[in-house]
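Hello,

I am passing on a structure that I hope you will enjoy looking through. My notes follow below it.

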Amino acid sequence: MPAYEEIFEKVQSTLVDALGVDEEDVTRESTLQGDLGAESIDFLDIVFRLERNFGIKIPRGELFPENLVADPEWIADGRMTSKGLAELKGRLPFADLSKFEADPDIEKMGDLYTVDMLVNYVQSKLAA
């Protein structure tokens with residue numbers, strides 16, 4: 001199995017190709033939307049490229065879950081509830097939720113999707 005650094009480099013080049021960003025802009029902490037300018041349509045391209053570049057299958061909604069704010073029990077006053085956070089942990093086990101848990105404002109959900117999260121996800125798929 002490839003080491004974290006090897007996976008990171010491949011994810012980095014995948015994002016450079018998919019988003020047209022500079023390699024030095026793609027750090028472990030970079031957020032896909034805020035820092036790298038990814039839009040929802042880009043997520044499909046990223047999934048396709050990760051599948052091709054790593055030889056893995058990514059089921060729809062597994063890497064980028066859908067309908068996370070659809071359930072009224074998960075959101076209250078623009079913030080994710082404890083029930084919503086539990087659901088989020090279940091759907092994004094490879095994401096670092098520590099900052100978001102401290103301030104679960106749904107406007108900050110996009111910050112969960114980082115380069116490090118992608119590397120962790122790919123690493124878990126390759127290990128399976």
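**Helix α3 and its buried face**

In helix α3 (residues 82–91), the buried residues are G84, L85 and L88. Here buried means under 20% relative accessible area and exposed over 50%, with partly exposed in between (1.4 Å probe, protein chains only). Helices (H or I, at least four residues) and strands (E, at least two) are DSSP runs, numbered from the N terminus. Viewed down the axis of α3, its buried residues fall within an arc of 100°, so they line one face of the helix; the arc is that of the directions from the helix axis to the C-beta atoms. S82 and G90 are exposed on the other side of α3.

This is a predicted model, in which local features need pLDDT of at least 70 and side-chain atom pairs count only at pLDDT 80 or more, while totals for chains, interfaces and linings use all residues. Residues are numbered from 1 along each chain as its sequence is written, and side-chain values use heavy atoms, leaving out hydrogens and water.

**Q12 in helix α1**

Q12 sits in helix α1 (residues 4–19) and is buried, with a relative accessible area of 11%. Leaving aside neighbours within four places in sequence, Q12 is in contact with E23 and V26, where contact means heavy atoms within 4.5 Å. A polar atom of the Q12 side chain lies 3.0 Å from the backbone oxygen of E23.

Back at α3, the cover over its buried residues includes β2 (79–80) and α4 (98–102).

Best wishes

Technical notes: A polar contact is a pair of N or O atoms within 3.5 Å; within protein, one must be able to donate a hydrogen and the other to accept it, and residues adjacent in sequence count only if both atoms are side-chain atoms.
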